[in-house]
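Me: I would like a close look at a single part of this predicted model, followed by an account of how that part relates to its surroundings. Please keep the discussion connected.

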Amino acid sequence: MKYFRENNPASIGCIYFFRLVVITFFTIMLFFILFQTSRAGTSTSQINNENIMTLSLISPSFLPNDMIPSKYTCDGQDISAALSWSGVPDHTKSLVLIVDDPDAPDPAAPKMTWVHWVLYNIPPQANGLPENVAVNELPAGTLQGINDWKRTGYGGPCPPIGIHRYFHKLYALDTVLPDLKHPTKSELEKAMHGHIIVQTELIGRYQRSHHK
């Protein structure tokens, strides 16, 4: 066998060539797999970034983390502020709006989250709500939940002490929820579970003047 190898350089060359082809093939396959994995990861990252970055919620009445004018509180007209949103994902089937205060009753020692407003099944084509929106002005199909005053509709900030934060939270869902018959916030959140595509929030603050 040794004699055969030594005296058959063509055979040796074929073996080396075959090895080179195999090594090259596996190198190309490995590169292809790594490239596809990287592309898939990038695509997923891009989708997640789009979901995080697209949906936005603003109000012409107050800036993010700014003070809410008393007009929209129990010290004023107690009406809802105008809200506007953009960037709703194309595959959204409905929107949910929840306004609550996690600083009740005292921001220094909060004990509960007080719910001020609950709306669901807002159509995805809607791009906002006008100031002091009436029931008959809500976008078609919108349903109401109950707040912590045990009634539907908006209830403005009325903090007993300190500066409270008021979270206006907007959710894009991949479904239209059934009629939940005026659900509480927790009942609505349970129904929403597993259907949230993306969410955003706008925070306003308020302190009653006689507590300043």
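With which side chain does the side chain of Arg-208 make a polar contact?

Reply: In this predicted model, the side chain of Arg-208 makes a polar contact with the side chain of Asp-75, at 2.7 Å. Arg-208 belongs to the segment after S8. With a relative accessibility of 19%, Arg-208 counts as buried, because the cut-off for that class is under 20%.

The surroundings of Arg-208 can be described next. When neighbours within four places in sequence are left aside, Arg-208 is in contact with Cys-74, Asp-75, Cys-158 and Pro-159. Two of these residues, Cys-74 and Cys-158, form a disulfide, with their sulfur atoms 2.2 Å apart. The count of disulfides comes to one. The torsion about the S-S bond of Cys-74 and Cys-158 is about 85°, so the disulfide is right-handed. This pair links distant parts of the chain: Cys-74 lies in the loop between S1 and S2, whereas Cys-158 lies in the loop between S6 and S7, 84 residues apart. Both cysteines are classed as partly exposed, Cys-74 with a relative accessible area of 28% and Cys-158 with 32%. Arg-208, by contrast, counts as buried.

The loop that holds Cys-74 also contains Asp-78, between strand S1 (56-58) and strand S2 (83-86). Asp-78 has a phi near 55°, a positive value in a residue other than glycine. Most residues other than glycine have a negative phi, and most peptide bonds are trans. Asp-78 is partly exposed, and its relative accessible area is 28%. A positive phi of about 55° is also found at His-182, again not a glycine. His-182 is placed in the loop between S7 and helix H3 (185-192), and is partly exposed, with a relative accessible area of 49%. As for the peptide bonds, the one from Ala-104 to Pro-105 is cis, with omega near -10°. Pro-105 is situated in the loop between strand S3 (94-104) and strand S4 (112-122).

Strand S8, which the segment holding Arg-208 follows, belongs to an open sheet of five strands in the order S6-S4-S3-S7-S8, with antiparallel pairing. Strand S6 (143-144) and strand S8 (196-206) stand at the edges; each has a single partner strand, so one side of each is left without a neighbour in the sheet. Strands of a sheet pair through backbone hydrogen bonds, either parallel or antiparallel. Strand S7 (residues 164-173) runs antiparallel to S8, and ten bridges join the two. Within this pairing, Tyr-166 stands opposite Gly-204 in S8.

The structure holds one cavity of 30 Å³ or more, and the volume of the largest cavity is about 50 Å³.

Definitions and conventions
Residues numbered from 1 in each chain as written. Predicted model: local features only at pLDDT ≥ 70, side-chain atom pairs only at ≥ 80, totals over all residues. Heavy atoms only, no water. Pairing = 2+ DSSP bridges. Helix = DSSP H or I, 4+ residues; strand = E, 2+ residues; numbered from the N terminus. Buried < 20%, exposed > 50% of the residue type's maximum accessible area, 1.4 Å probe, protein only. Disulfide = S-S within 2.5 Å. Polar contact = N/O pair within 3.5 Å; in protein donor to acceptor, adjacent residues only side chain to side chain. Contact = heavy atoms within 4.5 Å. 1 Å grid on protein atoms, 1.4 Å probe; cavity = no way out; pocket = protein on both sides within 12 Å on 5 of 7 lines; lining within 4 Å. Points joined across faces, edges and corners; volume = space filled by probe spheres on them.
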